[in-house]
Amino acid sequence: MSFDILFNQFLSGIARGALLFLVASGLSLTFGVLRVLNFAHGSLYMLGAFISYSIWKWLLIPVVGFYVATLLTAFIMGGIGLLIEYYILRRLYARGWPEQLLATYALILIITDIVKWFWGGEFLSIPRPKPFTGAVFLFGFPFPSYNFFIILLGLALVVFLWWLVFKTHLGDIIRAAAHDRDMVSALGIPIPWLFTWIFALGAMIAGLSGAVTAPYGAIALGMDIEIIIECFAVVVIGGMGSLPGTLLGALIVGQVYSFGIMYKPELALAFIFMVMAIVLIIRPWGIFGRPER
Amino acid sequence: MEANQMEQQKSWKKRAWWLIVLIAAGLIAPHVISEFYLLILGEALIMSLFALSFNLLFGTMGQLPFGQAAFYGLGGYGMAMLLTKLQINFWLSFVAGIGIAALFGLLVGIFCVRLRGIYFSILTLAFGQLIFVIIYKWHDFTGGDDGIQGVFPPEFLKDPMAYYYFILLVFGLSAFILWRIIHSPFGYTLQAMRENSERTEFLGIPIARYQLIAFVISAAFTGLAGALWAPFYRSVAPSTLMWIKSGEPVMATILGGAGLFFGPVLGTFLITFVHAYLLGFTHFWPIIMGTLILIVIFLLPGGILGFIKEKRDNRKKQNQPSQG
């Protein structure tokens, strides 16, 4: 096993990790503040991919079409997230988490059918946007330059979320609400309003990440289930609700996946679950998480 | 405690009449309904057993496992592989299938019972998916996505009606055993753990061991449901282990009412028959099912059966002063 192969695999793992972070960060943010594990987060991601495809096709602007479609998708998904929180989740905060889980499970069924209704069952894809169409050669191996776009976007999201959570007034409220919801409410901050916007932000990130996966050529039914299971692994390994944990979890899962595929492709997913099980056994609340009381 | 037991015996006798009605309906049904709906009825009974064993952990013990399909699939695969590959006797394979599910329940349970709440759900989901991926990808051993074909019941059970009665018998016995377990000192301990695990622990009860035993019992009965399913469908496929399958008993139980013994059964029957009916004229049944779930969660907290019971209890309360 020479160094260049390992390095190439490592870089693929980073790209995979960046993509996982894009999706999982929204899931983690929602759980951290709302304490609701959104099973349908993957479905929002899938819906985002399909919507971006339609916008892209409708616009047909040569170079920037993809970027415009991605941005528009993010805002549309944010709007959809707003509606879901306001009309569905809001009624369930007083109930137990099993009902919340089941409600988001119902959303999976509904969104899957809506997608089937509007776009049918076939595979769709968007060509890779300029200037990320070609490949970069590293140590003689071709590495898709679009992967760098994903890595850059992942980094941008890390910086944005870090700024949002740790440097803004809203971030103070987010962290306080994750710590003690009742206290924040007692200080006169409208918790329902905060929840709506956080969920919308989560949906926006899901839509954005769905839109940027489109050029990988895999917009299809079932992409929701595929990603959500891996995202669960990410947030569980890193610690649910912790953004640094989500980043670490995404990087770990990305590497495990990438090297797992090299070692035994059919068991790549199994390796991820094994790592997840080991982390949960040693540290049930994840690497950066805190025990639930 | 004694008063409680008396209360229970009283309610048991009160309940007896509609239990007899249900059993009679189950016995007469195959002579009344079409063969298509007879198959659906068989499926509903098998899935009801799945949901009942799920609810031992959820309704009784207060933990929500999201990977039960693994044991359902293991029961089916275990019996199907022994039967078709090693040509072992049907009944031995059947029992071995349950044993395999219980064994894996023990292995998975050892790790999972240390966790609570949503972490328990996710770890069971992870182990369930792990078992699914291994069976799905290990093509040489399990047949991968082709599954295993040609799982035939013995000659005298080949007729759909005969197999239906077999399902009914197994379901009835299992439901009775599960009912007895829930209403035994062991079951009451599980309920105490659901209400307050810390206090239960202070009473000197080894919580983890009780949870593990409950987990293995649940896995065994789930495996039994899977072993019933394989010869009913004449094959097993990896989709029986998928997490979507794990969601079905969750859906059915919350729909029917987790707090009552027959809640999961009602929910399963509702889902199975609505599904079968809708498939007749639309492919878009998930959207209807999803909407149905949301409506029930919003309007009927406690599930359908829980809602009915609450109404009846309220009426009793209103009547009592005039009687007394």
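Ser43(A) sits in helix H2 of chain A, which covers residues 41–59. The model is a predicted one, and in it Ser43(A) has 27 C-beta neighbours inside 10 Å, so this serine counts as buried. Once neighbours within four places in sequence are set aside, the contacts of Ser43(A) are Leu107(A), Ile108(A), Ile111(A), Thr112(A) and Asp224(A). Val115(A), 72 residues away along the chain, has its C-alpha atom 9.5 Å from that of Ser43(A).

Leaving out residues up to four places away in sequence, Ile151(A) touches Ile14(A), Ala15(A) and Ala18(A). With Ile14(A), the separation along the chain is 137 residues, while the C-alpha atoms are 7.3 Å apart.

Ile14(A) also turns up in the packing of helix H1 against helix H10, as one of the H1(A) residues in that contact. Two packed helices are described by the angle between their axes and the distance between the axes. For H1(A) and H10(A), the latter spanning residues 243–263, the angle is about 140° and the axes are 7 Å apart. That angle makes H1(A) oblique to H10(A), and H1(A) passes H10(A) in a right-handed crossing. On the H1(A) side, the contact is built from Gln9(A), Ser12(A), Gly13(A), Ile14(A), Arg16(A), Gly17(A), Leu20(A), Phe21(A), Ala24(A), Ser25(A) and Ser28(A). H10(A) answers with Leu243(A), Thr246(A), Leu247(A), Ala250(A), Leu251(A), Val253(A), Gly254(A), Gln255(A), Tyr257(A), Ser258(A), Phe259(A) and Met262(A). Sorted by class, the residues of this contact come out as twelve nonpolar, ten polar and one charged.

H1(A), residues 3–34, also packs on helix H9, with axes that come within 9 Å and cross at roughly 65°. The two helices are therefore roughly perpendicular to each other. Here too the crossing of H1(A) is right-handed. H1(A) supplies Leu20(A), Val23(A), Ala24(A), Leu27(A), Ser28(A) and Phe31(A), and these meet Ile227(A), Glu230(A), Cys231(A), Val234(A) and Val235(A) of H9(A). The class breakdown is nine nonpolar, one polar and one charged. Leu20(A), Ala24(A) and Ser28(A) take part in this contact and are also listed for the contact with H10(A).

H9(A) has a further partner in helix H11. H9(A) runs over residues 223–238 and H11(A) over residues 268–282; their axes come within 9 Å and cross at roughly 30°. That angle is under 35 degrees, so H9(A) and H11(A) are roughly parallel to each other. This crossing is left-handed, whereas H1(A) passes H9(A) in a right-handed one. From H9(A) come Glu230(A), Ala233(A), Val236(A) and Ile237(A), and from H11(A) come Ile272(A), Phe273(A), Val275(A), Met276(A), Val279(A) and Leu280(A). Nine of these residues are nonpolar and one is charged, with no polar residue among them. Glu230(A) belongs to this contact and also to that of H9(A) with H1(A).

Turning to the other chain, chain B holds 14 helices and two strands. A compact globule of 324 residues would have a radius of gyration near 20 Å, and chain B, at 20 Å, agrees with that. Along the principal axes, the C-alpha atoms of chain B fill a box of roughly 70 × 50 × 40 Å. Some 44% of the 324 residues of chain B count as buried. Among contacts in chain B with a separation of 6 or more, 77% are between residues 24 or more positions apart.

Finally, the two chains touch each other through 35 residues of chain A and 32 residues of chain B. On the chain B side, the elements giving two or more residues are helices H5 (117–137), H11 (243–256) and H13 (285–299). H5(B) provides the largest share of that side, with 13 residues. By class, the chain B side has 25 nonpolar, five polar and two charged residues.

Notes
Residues are numbered from 1 along each chain as its sequence is written. Chains are lettered from A and ligands numbered from 1 in the order in which they are written. This is a predicted model: local features need pLDDT of at least 70, side-chain atom pairs count only at pLDDT 80 or more; totals for chains, interfaces and linings use all residues. Axes are lines fitted to C-alpha atoms, for helices over the stretch in contact, and angles run from 0 to 180 degrees between N-to-C directions. Helices (H or I, at least four residues) and strands (E, at least two) are DSSP runs, numbered from the N terminus. Angles under 35 degrees count as roughly parallel, over 145 as roughly antiparallel, 65 to 115 as roughly perpendicular and the rest as oblique. A crossing is left-handed if the near helix is turned anticlockwise from the far one by less than a right angle, and right-handed if clockwise. Two residues are in contact if their C-beta atoms, placed from the backbone, lie within 7 Å. Ala, Val, Leu, Ile, Met, Phe, Trp, Tyr, Cys and Pro count as nonpolar, Asp, Glu, Lys and Arg as charged, and the others, Gly among them, as polar. The radius of gyration is taken over C-alpha atoms; the globule rule is 2.2 Å times the number of residues to the power 0.38. A residue is buried if 20 or more other C-beta atoms lie within 10 Å of its own, exposed if 12 or fewer, and partly exposed in between; C-beta atoms are placed from the backbone.
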